[in-house]
Amino acid sequence: MAKDQDIQATLTEMLLEAKKYFSLQKKYLRYTAAEQFTLVISKIAIILVLAIVGFVAFVFLGLAFVYWLGATIGNLALGFLLYALLLLILLIVFYCNRRKWIILPLAKLMMQTFIPQKEEDVHDGE
């Protein structure tokens, strides 16, 4: 009889520990998800700020280049036309290389953020 009570007490204690363990695992999962989400949001914010500042700088540098080119050629309208052609060529080159320059690096960034490599995976390649 006492043995049954000991087994029952042990099982009850084991169930309580398992419940506590799963509760802690759930909290850990939430914290990990929050950390990953924060990393992604911060990277997006940094990229967004750099893109906006870069775009503004690009516009002003483009205008300066057009005015210099127009003054060199002697025709401001032709300077704008040549700059527009240059931008179209750059746009075509960018579009042709979008997978290599944008898609693959972004996919790699997301994989590194959401699926961190374990220590033994890093040393296997050596």
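**Helix packing and a salt bridge, read step by step**

Modeller: Helix H1 passes helix H2 in a right-handed crossing. Please bear in mind throughout that the model is predicted.

Biologist: At what angle do the axes of H1 and H2 cross, and within what distance do they come?

Modeller: The two axes cross at roughly 130° and come within 7 Å. H1 is therefore oblique to H2, because an angle has to be over 145 degrees to count as roughly antiparallel.

Biologist: Which residues make the contact between H1 and H2?

Modeller: On the side of H1, the contact is made by Phe58, Gly62, Leu63, Phe65, Val66, Tyr67, Leu69, Gly70 and Ile73. From H2 come Leu76, Leu78, Gly79, Phe80, Leu82, Tyr83, Leu86 and Leu87. Sorted by class, this contact has 14 nonpolar residues, three polar ones and no charged ones.

Biologist: How do H1 and H3 lie relative to each other, roughly parallel or roughly antiparallel?

Modeller: The angle must be read first: the axes of H1 and H3 cross at roughly 150° and come within 9 Å. As angles over 145 degrees count as roughly antiparallel, H1 and H3 are therefore roughly antiparallel to each other. H1 passes H3 in a right-handed crossing.

Biologist: Which residues of H1 and H3 meet?

Modeller: Gln36, Leu39, Val40 and Lys43 of H1 meet Leu109, Met110, Thr113 and Phe114 of H3. The residues of this contact divide into five nonpolar, two polar and one charged.

Biologist: Is Gln36 buried or exposed?

Modeller: Gln36, which has its place in H1, has a relative accessible area of 12% and is therefore buried, the cut-off being under 20%. With its neighbours within four places in sequence set aside, Gln36 is in contact with Thr113 and Phe114.

Biologist: At what angle do H2 and H3 pack?

Modeller: H2, residues 76-96, packs with H3, residues 98-114, at an angle of about 55°, and their axes are 5 Å apart. H2 and H3 are therefore oblique to each other. Val93, Phe94, Tyr95 and Cys96 of H2 make the contact with Arg98, Trp101 and Ile102 of H3. By class, six residues of this contact are nonpolar, none is polar and one is charged.

Biologist: Let us turn to charged side chains. How many salt bridges does the structure hold?

Modeller: As a general idea, side chains of opposite charge can pair when their charged atoms come close. The structure holds one salt bridge, in which the side chains of Lys20 and Glu17 meet at 3.7 Å, N to O. A salt bridge requires these atoms to be within 4 Å.

Biologist: Where do Lys20 and Glu17 lie?

Modeller: Both lie in helix H1, which covers residues 2-73. Lys20 and Glu17 are three residues apart, about one turn of the helix.

Biologist: Why does Lys20 count as partly exposed, and what is the relative accessibility of Glu17?

Modeller: Partly exposed is the range between the buried cut-off, under 20%, and the exposed cut-off, over 50%. Lys20 counts as partly exposed because its relative accessibility is 48%. Glu17, at 43% relative accessibility, likewise counts as partly exposed.

Methods
Residues numbered from 1 in each chain as written. Predicted model: local features only at pLDDT ≥ 70, side-chain atom pairs only at ≥ 80, totals over all residues. Heavy atoms only, no water. Axes fitted to C-alpha atoms, helices over the stretch in contact; angles between N-to-C directions. Helix = DSSP H or I, 4+ residues; strand = E, 2+ residues; numbered from the N terminus. Parallel < 35°, antiparallel > 145°, perpendicular 65-115°, else oblique. Contact = heavy atoms within 4.5 Å. Nonpolar A, V, L, I, M, F, W, Y, C, P; charged D, E, K, R; others polar. Buried < 20%, exposed > 50% of the residue type's maximum accessible area, 1.4 Å probe, protein only. Left-handed = near helix turned anticlockwise from the far one by under 90°.
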